[in-house]
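Biologist: I would like to learn how to read a model of this kind, beginning with the order of its elements and ending with single residues. Could we take it step by step?

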Amino acid sequence: MAKYMYQASYTLEGVRGLLKETASGRRKAIESAIVALGGKVESFYYCFGKDDVILIMDLPNNVSAAGLGMTVAASGMVRGRITPLLTVEEADKALGVKVGYRAPGQP
């Protein structure tokens, strides 16, 4: 399974819904949606600043992640972004990939 970070902020209507449903109620609903996709929530945090929610989750693939992101966005209650995450070991493997690349303007 692939790991993703979801960072989101509620719209005004989303905050109103959160006030009615509670933070734990929203967590339960979000966890249920992710489990239905075959995924798992690793961690879930509410925060303040640019984002209202930070979520680390495992999902089967990019299609599942994109489908989740589009479904949530279509609600109009949340603005979010999903970032694929790499383990340290995956990053080390990526650093070992040799690509024949020439930067713009370089000989």
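Modeller: Helices and strands are DSSP runs, a helix having at least four residues and a strand at least two, and they are numbered from the N terminus. In this predicted model, the protein chain reads β-α-α-β-β-α-β-α along the sequence, with four helices and four strands.

Biologist: In which order do the four strands lie in the sheet, and how do they pair?

Modeller: Two strands are taken as paired if DSSP finds at least two bridges between them. Here the four strands form an open sheet in the order 2-3-1-4, with antiparallel pairing. Strand 2 (40-46) and strand 4 (78-85) each have a single partner strand and stand at the edges, so one side of each is left without a neighbour in the sheet. From one strand to the next, the twist averages 15°.

Biologist: How many bridges join strand 2 to strand 3, and which residue is the bridge partner of Phe44?

Modeller: Strand 2 and strand 3 (residues 53-59) run antiparallel and are joined by six bridges; Phe44 has Leu55 of strand 3 as its bridge partner.

Biologist: What radius of gyration does the protein chain have, beside that of a compact globule of 107 residues?

Modeller: The rule for a globule is 2.2 Å times the number of residues to the power 0.38. A compact globule of 107 residues would come near 13 Å, whereas the protein chain has 17 Å. Along the principal axes, its C-alpha atoms fill a box of roughly 60 × 30 × 25 Å. Of the contacts with a separation of 6 or more, 64% are between residues 24 or more positions apart, and buried residues make up 24% of the 107 residues.

Biologist: Is Thr11 buried or exposed, and is Leu12 buried or exposed?

Modeller: Buried means under 20% relative accessible area and exposed means over 50%. Thr11, in the loop between strand 1 (2-10) and helix 1, counts as buried because its relative accessibility is 11%. Leu12, which is found in helix 1 (residues 12-21), counts as exposed because its relative accessibility is 57%.

Biologist: Which residues is Thr11 in contact with, leaving aside its neighbours within four places in sequence?

Modeller: With those neighbours left aside, Thr11 is in contact with Gly76, Met77, Val78 and Arg79. A polar atom of the Thr11 side chain lies 3.3 Å from the backbone oxygen of Gly76. As for Leu12, its C-alpha is 9.8 Å from that of Gly76, although the two residues are 64 residues apart in sequence.

Conventions
Residues are numbered from 1 along each chain as its sequence is written. This is a predicted model: local features need pLDDT of at least 70, side-chain atom pairs count only at pLDDT 80 or more; totals for chains, interfaces and linings use all residues. Side-chain values use heavy atoms; hydrogens and water are left out. Axes are lines fitted to C-alpha atoms, for helices over the stretch in contact, and angles run from 0 to 180 degrees between N-to-C directions. Buried means under 20% relative accessible area, exposed over 50%, partly exposed in between (1.4 Å probe, protein chains only). Contact means heavy atoms within 4.5 Å. A polar contact is a pair of N or O atoms within 3.5 Å; within protein, one must be able to donate a hydrogen and the other to accept it, and residues adjacent in sequence count only if both atoms are side-chain atoms.
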